[in-house]
Amino acid sequence: MLSESEAKVLRAISIGHLDPKEIADLTGMKIEAVRSTADSLSENGFIHVEKTVEEAFSLTPEGELYAREGLPERRILEVIGEGMPISDLKDPSLKIGLGWLKRKGWASIERGMIVPATEAERGEDERALSMLLEGPIESSHLPKEGLLLLKGRGLVTSVTSKSWLYRATDAGRKEGSSAGITAETLTHITPELIKAGQWVGNLVSYGERTYQVRPYDVTLKAEPIFPGKRHPYQRMLDRMREIMLEMGFAEIKGEIVQSSFWNFDALFQPQDHPAREMQDTFYLDGKADIPDYSSIKSMHESGGEIGSTGWGGSWSPDVARREVLRTHTTAVTIKYLAEHTDPPVKAFSIDRAYRREAIDATHLPEFEQLEGVIMDEGATFANLLGVLKEFYSKMGFSEVRFRPGYFPYTEPSVEPEVYIDGLGWVELGGAGVFRREVTAPFGIEHPVLAWGLGVGRLAMLRLGLKDLRLLYQSDMGWLRETPLSTGI
Amino acid sequence: MPVVRLYYQDLEELVGASREEIMSRLPMIGADIGKSAEEDRVDVEFFPDRPDLYSTEGVARAMRGFLGIEPGLPSYRVRPSGIVMQVERSVDLVRPIIGCAVVRGLAFSDPAIESLMDLQEDLHWGLGRNRRKVAIGVHDISRVSPPFRYLAAPPERGFVPLDFEEEMSMGEILKLHPKGKGYGHILDGFERYPLIVDAKDRVLSFPPIINGELTRVREETKDLFIDVTGTDPVVYKALNIVVSALAERGGEIESVIIRREAREIITPDLAPTKRLVNVEEANGLIGFDLTAEELALCLERMRIGARPLDDRSVEVQIPAYRADIMHSWDIFEDAAKGYGYDNLEAKLPVTVTVASRHPLERRKGEIREVMAGLGYLETMPFTLTSVKVHFDWMRRPRCGETKVLHPISELHDMVRTTILPSLLEIFALNQHHPLPQRIFAVGDVVEGGRTRTNLAAASIHSSAGFSEIRALAETVMRELAIVAEIVSSEDPAFLSGRGADLLIDGQRIGCFGELHPLVIKGFGLEQPVVGFELRVGGL
């Protein structure tokens, strides 16, 4: 039969408290009492005691002084320089270093002069000294030779640390449980237990009873939950918007329904251009109001007054009045430029454009377009390349190269390509300087650098999609499970 | 864009350089090299503004300049053939313009014939607007006897068309011959059709539809007669492109007299066009810093004749086959290509500007933050929808929609005026995923032709009810500082007494409520749905 104190200590040990100090805290016993009780439990074979003794060393006050300022022999070396008469060495705290100086072979004494040897390597004793400055260190962790020297000079003193570790044996666990001393397990923590329970570690005494909080297997998976969040594609668009703002562009917006005038004619697209045909463009029933078109008409027919040939033929205002769903956001851009002819203008838009395309995995009748323009005095094609490089690098493409391109309303035109691992060089967007035939009719007298980008293609790459439709007719599973960090 | 098939061996012979050298520099004159290169050939896309590159010969000519093998203006000798093409007044209405040439001394290898046929087709597309503006006929001249006549003949007139063995009338050709069916619409409404015949009234061509079988080009063909007809002076450009390409193959060009009553012109006219360009203007546009001599060298690499007149100006001669030079900036672009886009130094502009976010986008950002905080997932449905889904399935009367004239399918025949129907469609696509599902979208709608911005949100689960959506509507309006009157709605999309309208100054700016079970069923759904829509801005 166990005594009351033996039962207490055994209980504490069997629920995982292995250290005498912890057990003393838990039971309210004195630490010495815990130790002697444990010894008797150990004699009965209920617990196993592991006692560890380790010799450690710490610095004596003198040792600490030397650890900070250096050993006297080291300091003499610093004082004597090239050599010094021994009589000049007055400081007694240094003099005691003379013997060591010679013994270590750091200097010799010739005709009353201290003459330094060529080398005085840092010794193991000095290394041990500086290690010990941090606090006591077990002897096994100190350089052996160095420790011996320091011990000999009385610069260190030995301290011994002891520790105990208790574990219940099978017999102890059996004895404990037959004595009914294991704690009850607890699953839910109630407000009452928080307020009135006596907590020690995972154990709580409440009223007459003691409970232990049941540990969980923390490696088990939880039921997934998903936050409400922005669409992955929208996050990409937002990042692109942010990039344009970082680069000093102002955002512009415009109508989805546009006249052919702004969508095509203002951009010097000839009226018989294939892109204007019904199979490529969504025409609407309406006829739009168009601005004074005399300068556009003469530009198309005969090149206006800028030395261009124009397209020839005759330009019809009726064709220009036909309404369309904008086939590019450039319709909005040129209108904005026509209304803002004073330099500098730096504007961008990220909005939807519409093309009459049959839907499949890589073609959609509507898609997002990013477009940026810079109109400024003295702006050059080389500036456009500079802006493109910066833009693509912010988008995460560090390698960009430029190849000639063709767009009906820019000259010169360029197709930027970016390097993508696994794909190689990929064409991404188009750019150029607006033709004079485009800018002159609106009185825009400075070069307009422009570039645009169909964002869908980039989204497919970045979001790992094989089918563009997923962006617009989204699968809820994909929306829920695509992490915020995906994309740009 | 036109795709030109280049056979490496043929190209190497025409250029005088290795395929590696040619292919590594080719993109830098403006070309998209296809990924599917074969052992002996590669398909390359060229741009619509450069029809002179739609043949192996044209590409070789450009590359000889670009690689420095033969820079400067190519010169072509044109000798008179003495052959007359008599143009009758009858073609004035239907297809008035014609240019002709003779090219002799050709040796037709397979790649040469293929290149010529492809060039013809690409020009029909690129310059000819599918043969309406330009159509090209190529004939073995040894089979016919000049002088030739270009006239408009009645549909009964017959001949044996290419690839056929029996004579057909022109009317029959339009109905039965594949080319007739393909291009006959160009002649719609005309009573007489264009025809080219020889001195013995034998048919060379029925432009823009089909040639006669008689003058078919065969491997043994040495001398060609070329006719280009159309409705626009670009006809002559097409003729120049074809004959100069054949001359690159070693052909000798001879001119033809085009006689129209008393008036005569001689085609082809391969004289270059002269222009003067300003060096400072070129430097200012491109951003390089070239002297007149350097600018001239860059242009010569692009096969433009260029001679510095002084420090400030260069006289240029543009080859007669170039169809894209309208303005001096077109020449400057060529200079930039000649300089090499890869040699240009990319420089950021130095002007300081102030950025600004569009207020509407800032608003949309706030909305997304609120909706995500409320646990709603964002969706981005199409703005194109159909009358059926948008109005019929929603039980709503048609109102304010923008219809497209020629929808590509009945799924997309209008632009949405509201977003809620699109959310119900998304629910329908996601019925295999666990409920509840709560989604929103904020984006453009077009009402009465004007672009507006709406927010819509919807929730589907077995206990979705009015109080849930009312709480949502109130929360969103509180967060967005929108104060609206909430009144009972007549909207047939909602159950009567379970739908509300949001009014500001009597104007309806939104609505919310329990969707009518007939709407729910209409979308193929089986669980209660509540929805909310709010106008959040306009331009």
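Student: How many residues from chain A and from chain B take part in the contact?

Tutor: Contact means heavy atoms within 4.5 Å. Here 90 residues come from chain A and 79 residues from chain B. Keep in mind that this is a predicted model, where local features need pLDDT of at least 70 and side-chain atom pairs count only at pLDDT 80 or more, while totals for chains, interfaces and linings use all residues. Residues are numbered from 1 along each chain as its sequence is written, chains are lettered from A in the order in which they are written, and side-chain values use heavy atoms, leaving out hydrogens and water.

Student: What area do chain A and chain B bury between them?

Tutor: The size of an interface is often given as the accessible area lost when the parts come together. Buried area is that loss, found with a 1.4 Å probe and summed over both parts. For chain A and chain B the value is about 7200 Å², with 62% of it on carbon and sulfur atoms.

Student: How many salt bridges does the rule find across the interface?

Tutor: A salt bridge is a side-chain nitrogen of Lys or Arg within 4 Å of a carboxyl oxygen of Asp or Glu. The rule finds seven across this interface. One of the salt bridges joins the side chains of Lys133(B) and Asp272(A), at 2.9 Å from N to O.

Student: Which helix gives the most to chain A's side?

Tutor: Helices are DSSP runs (H or I, at least four residues), numbered from the N terminus. On the side of chain A that touches chain B, helix 17 (residues 381-394) gives the most, with eight residues.

Definitions and conventions. Buried area = accessible area lost by both parts, 1.4 Å probe. Helix = DSSP H or I, 4+ residues; strand = E, 2+ residues; numbered from the N terminus.
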